[in-house]
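Hi,

Here is the structure I promised to pass on to you.

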Amino acid sequence: MNPKLLLEDHGIAPKKSLGQNFLQDPNTLDKIVAAAELLPTDTVLEIGPGTGAMTTRLAKAAERVVAVEIDSRLEPVLRAALAAERLSNVSLLFADILQVNVASLMADPPYVVVANLPYYITSAILRHLLEARHRPRRLVLMVQLEVAERLTAAPGDMSLLTVSAQFYAKPQMIGRLKPSVFWPRPDVDSAVVRLDTYAAPPVDVPDVATFFKVVRAGFAQKRKQLKNAFAEGVGLSHADAAIMLELASIDPKRRAETLSLGEWAALARAFVTLR
Ligand code: SAM
């Protein structure tokens with residue numbers, strides 16, 4: 001049912017502060033679920049089920065769905081949607097996903113995340129899921145177009161978000177969505193991305209904490225050339241920062257956004273030999 005009519009029936013007004021833009025186009029919902037390539041044995045974590053339009057589709061394609069929704073006003077809407085289709089394999093949890101211990105909630109990995117994410121906390125949710133002890137096998141996410149472009153960027157346009165996501169997963173742009181597929185319409189364009197997580201990091205790093213210390217230092221001084229960024233960011237002398245770049249075969253005049261994942265890893269390896 002159309003989300004506008006459904007919510008009106010229940011006397012609920014959408015909250016902009018919670019990123020409540022509901023998908024009203026059945027084809028788009030089908031495409032997102034198809035992109036997840038779910039197996040009948042899969043468990044799915046859905047973040048922000050809203051009125052349940054995607055939840056019911058996921059429940060038909062997977063063995064079990066755990067849906068975490070912050071807005072408890074939506075509970076009767078969700079329960080009615082599940083009852084109408086006689087679906088009994090969905091567990092609803094009314095909580096803030098950022099306060100949920102995902103590793104214990106999804107105790108039997110692997111699992112798949114499918115979410116039409118609230119834009120205001122996309123980066124925080126990504127970190128929460130990718131850094132969790134039990135990482136999902138795959139994530140299919142509807143995000144702001146600009147975020148989708150950053151997640152799938154190549155060297156030249158990389159950001160801290162790009163490196164963080166691509167350290168954990170292989171990203172793929174599934175497609176752009178027009179604002180008209182939502183009600184109410186969001187002010188920005190959206191896109192669907194799929195992230196297939198790696199069992200082990202795709203590059204050779206001394207340890208994850210050191211890798212991200214070096215990456216964060218490089219991006220902290222974005223407009224600076226790398227030799228200056230490292231001298232300030234990881235507590236090396238200018239001379240040692242120059243040696244670190246030389247050991248990693250990286251031109252000291254380059255800027256953070258031009259480096260590949262492999263080059264960041266080479267820098268992290270060089271850093272541990274100097275500290
Ligand atoms: N999945 C539905 C759909 O596709 O129509 C709704 C998507 S809407 C963009 C985002 C949903 O996330 C809303 O239902 C909102 O209440 C919920 N939400 C917002 N912040 C949340 C949080 N911190 N934890 C869990 N759910 C949240």
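Predicted model: local features only at pLDDT ≥ 70, side-chain atom pairs only at ≥ 80, totals over all residues.

Residues are numbered from 1 along each chain as its sequence is written, and side-chain values use heavy atoms, with hydrogens and water left out.

The protein chain has 12 helices and nine strands (DSSP runs numbered from the N terminus: helices are H or I with at least four residues, strands are E with at least two). Its C-alpha atoms fill a box of roughly 70 × 40 × 30 Å along the principal axes. Of its 275 residues, 49% count as buried, meaning under 20% relative accessible area with a 1.4 Å probe, protein chains only.

Now the ligand. There are 22 residues around it, and Leu23, Gly48, Glu69, Asn116 and Tyr120 come nearest (to be near, a residue needs a heavy atom within 4 Å). That shell divides into 12 nonpolar, six polar and four charged residues (Ala, Val, Leu, Ile, Met, Phe, Trp, Tyr, Cys and Pro count as nonpolar, Asp, Glu, Lys and Arg as charged, and the others, Gly among them, as polar).

An N or O atom of Gln20's side chain is 2.8 Å from a ligand oxygen. For Asp96, a side-chain N or O atom is 2.9 Å from a ligand nitrogen, and for Tyr120 such a distance to a ligand nitrogen is 2.8 Å. The protein covers 99% of the 600 Å² of accessible area that the ligand has on its own (Shrake-Rupley method, 1.4 Å probe). Strand 1 (22-23) and strand 3 (64-69) are the elements that give two or more residues to the shell around the ligand.

Finally, two residues away from that list. Ser190 is in strand 9 (residues 190-197) and is buried, with a relative accessible area of 1%. Its side chain makes a polar contact with the side chain of Tyr119 at 2.3 Å (a pair of N or O atoms within 3.5 Å; within protein, one must be able to donate a hydrogen and the other to accept it, and residues adjacent in sequence count only if both atoms are side-chain atoms).

Leu259 sits in the loop between helix 11 (238-247) and helix 12 (261-274), buried at 0% relative accessible area. Leu259 and Pro155 are 104 residues apart in sequence, yet their C-alpha atoms are 5.5 Å apart in space.

Cheers

Terms used:
Buried < 20%, exposed > 50% of the residue type's maximum accessible area, 1.4 Å probe, protein only.
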